[in-house]
Structures are given as structure tokens and as C-alpha cells.
Amino acid sequence: MGSPVVLGIESSCDETGAGLVREGRLLGHAVASSMDEHARFGGVVPEIAARAHLHSFTPVVRRALDEAGLRMSDIGAVAVTTGPGLSGALQVGLAGAKSLAYGLGVPLYGVHHLAGHVAADTLEHGPLPDPCMVLIVSGGHTSLLLVRDLARDPIVHLGDTLDDAAGECFDKVARVFGLPYPGGPAVDRAARDGDPAAVSFPRPLTGPRDAPYDFSFSGLKTAAARWAESHAGRELPVADGAASLQEAVADVLTRKAVAACREHGVGTLVVVGGVAANSRVRALAEERCRQAGIALRVPPLRLCTDNGAMIAAVGDLLVRAGAEPAPLNVSIDPSAPLEFASLNPVGTFGARAAAGARAAAGAGRGAAA
């Protein structure tokens, strides 16, 4: 008998995602975003995000099942993001995942959100090479990781962001430039008509005495804001500013990632996370990897941003590796460090959620029929 169909649930921020994976193959997935509800506030409002997850959870799961041509009773395991992320948003996803798992009588697996981004690439390009270098670039995280067996081995951090992550830098500078939220896609669009050499923005932490693989984008953010302020009373050349900002971010990210591959003798670089969708980051990574003789893997755009398929992919790997399911009182950890793909924290919320899920299991059994 083959591996079970794994349902993955993602609710760490403003996207409610459900995905179905079996033996490394994506069967179906669906995403509902509450981004439009947050746009007028210039960023994600946690309470709005949590309420949106409540409304979207069941429809998203149903859409994923319909796309895969499966029934609820076909699900053999459930995986869910247990951290990091917004506390209320994570709690909604975990409670829903527990209800489904207990109602269906199948195991539940807690998953680290960032490991999900890593696993997303396997759905397009197959198993990760052992070892591989992974550059995670998103709104809240910028990390350079040495990854071996994602389901079994500890994840080695070579470098992390010390302050603003790359995506956070894009969001904050976009606001200064008068561009809409979310800032990353807006900067990318504006940069198409700009000159990337128009503004000499700094390349943070690239000096010989700096931490070789850590990242810092707070100073770049400030430099871009000061540049915008220098145009007070005059029209701001937004396209040039966006192109120059994007070039600085892409330069730092790809320079450090390729250097890490060379130093550690790793032949494959995997770039994941929301900022991996940025056109200049992808293009410069491809150019520098080609020059260095390094294989580059980047997931398709639909799998770069948060989605349930990536969580299902981790769950599928954990199931096939024989990992222990999560305990009944598994909880959330909104600030969990990335150490392993599996994340099974326990706490007072876990106990309450387990009790609530058991009470809702009757409804889950009815839905599975």
C-alpha cells in the first residue's frame, strides 16, 4: 500500500491555504487571501486575518479536494503550520486541522512554516539534493540554510536577518515611495521602467569584516527613505528608486548565497519564499549561479507565496520518513526558530484546542462520509 494523501493547512498570516500531496506529487491546492482587506491599513491586521481564516477554512479545503477529485474520506494524514506566524491566525488553522484529523481518525503533523517554503520546491523539481543551500526570502524572514534530509536532519543556519527582512524592506520603502501594499510586487512593477544604476544605494553587511552570511536591510530602508525625502517639493523618480532598491536587495541576497555555496562545496542553490517571486532576484540568481557552475532551483510563482501545498509537502515527507505524529495537545509557537521541519510545541492552548477539536469531531465524521 502506498503513502497516504496528506492534507496541508497554512494560516500563518493573511492567506488561508489547503493542499493535497501524495508521494511528492501535488494533487490539488487552493488559497484564499485577505490581502485586500489589509491594504487600506498598509499592512496585515492580525484580528482581520484571523477572522478571514475562520470564514475561508472550509471553502478552501473543499476547493482543494475538488481540484484533486478527492473526497474528505480520502485524506490519510493532516499537516498544519504551527509556527511561526500571527498567533490568532495560527490558532484558527490548528483548530481546524485538529478537527479534521480527529474526525477522520488520521494522524496530525505540526510543520514549521519556513520548512514549508523549502519543501515547496520539491513539488516542482523533485527531491532536494543532499546537501543543498537554501535562501529563504520573505516578508518576515531572510535566512541562508544548509539543508540535508529535510524530514530527518537538523537545519543548519549559516546566516539570518539581523533586523528588517528583505520583504519587509520592500513593504516599508514602497509606502515611502507612494506605492500600494503589498510593497514587493509594487516595487517590482515600478522597477520595470527604471534604471537600476540611477541611485547608489548601500549593500549592507558586505564588507570584509562583516558577518559573511547574515543580512540587514534596515540601513537600506533608511537610505531609500532619505533619498525620497531629498526630493521634497519635486517629483520623485519612483521607477529609478524602485529599480535601484530592487538591485541592491538582489545583489546582496545572491552574492551571499553563491559565496556560501562555494565555501561549503554545495552544487545546488534553492531560492524560496515570497521575495523569490521578484523578477530581479530570480534573474540575478540565475546569472550568478550559471557563472559559478551552481544549479539553481526556484519554485514557480504560485508556490513562492504562502500556500497549503508547501505544508502538505512537508507532511508527506514526514509521513514517508516515519516521523512521529504530533501529540494531542500540540499548540502553536508564533516565534519558533527553524531547527527541524517538524514543529510540535505543547502548551495551554494545545490542551484547549485538543478538547475543542474532539468536541467538533462529530461534525468532521459527518463531513467525511
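**Exercise 1.** State which order the strands take in the open sheet of five strands, and find which strands stand at the edges.

*Solution.* Step 1: in this predicted model, the five strands of the open sheet follow the order S8-S7-S6-S9-S10, and the pairing is mixed. Step 2: the edge positions belong to strand S8 (156-160) and strand S10 (295-297). Each of these has a single partner strand, so one side of each is left without a neighbour in the sheet. Step 3: from one strand to the next, the twist averages 20 degrees.

**Exercise 2.** Describe in which sense S6 and S7 pair, and name the bridge partner of Met133.

*Solution.* Step 1: strands of a sheet pair through backbone hydrogen bonds, in either the parallel or the antiparallel sense. Step 2: for strand S6 (residues 132-137) and strand S7 (residues 142-147) the sense is antiparallel, over six bridges. Step 3: Met133 has Leu146 in S7 as its bridge partner.

**Exercise 3.** Identify the strands that helix H9 lies across, and give its angle to S6.

*Solution.* Step 1: helix H9 covers residues 238-264. Step 2: the strands it lies across are S6, S7, S8 and strand S9 (268-272). Step 3: relative to S6, helix H9 runs at about 160 degrees.

**Exercise 4.** Characterise the largest pocket by its volume, its lining and the elements that contribute to the lining.

*Solution.* Step 1: the space in the largest pocket is about 1,100 Å³. Step 2: its lining consists of 41 residues, and those nearest the centre are Ser138, Gly139, Gly140, Asp171 and Tyr181. Step 3: two or more lining residues come from each of helix H4 (113-120), helix H6 (166-177) and helix H7 (183-191). H6 gives the most, with six residues. Step 4: sorted by class, the lining has 16 nonpolar, 16 polar and nine charged residues.

**Exercise 5.** Treat the second largest pocket in the same way, and find which element gives the most to its lining.

*Solution.* Step 1: about 340 Å³ of space lies in this pocket. Step 2: the lining has 18 residues, with Pro127, Leu128, Asp149, Leu317 and Arg320 closest to the centre. Step 3: helix H5 (122-125) and helix H11 (308-320) are the elements that give two or more residues. The element that gives the most is H11, with four residues. Step 4: eight of the lining residues are nonpolar, three are polar and seven are charged.

Technical notes:
Residues are numbered from 1 along each chain as its sequence is written. This is a predicted model: local features need pLDDT of at least 70, side-chain atom pairs count only at pLDDT 80 or more; totals for chains, interfaces and linings use all residues. Side-chain values use heavy atoms; hydrogens and water are left out. On a 1 Å grid over the protein atoms alone, a cavity is a set of points where a 1.4 Å probe fits but cannot get out, and a pocket is an open set with protein on both sides within 12 Å along at least five of seven lines; lining residues have an atom within 4 Å of a point. Grid points are joined across faces, edges and corners, and a volume is the space filled by probe spheres set on the points. Ala, Val, Leu, Ile, Met, Phe, Trp, Tyr, Cys and Pro count as nonpolar, Asp, Glu, Lys and Arg as charged, and the others, Gly among them, as polar. Two strands pair if DSSP finds at least two bridges between them. Axes are lines fitted to C-alpha atoms, for helices over the stretch in contact, and angles run from 0 to 180 degrees between N-to-C directions. Contact means heavy atoms within 4.5 Å.
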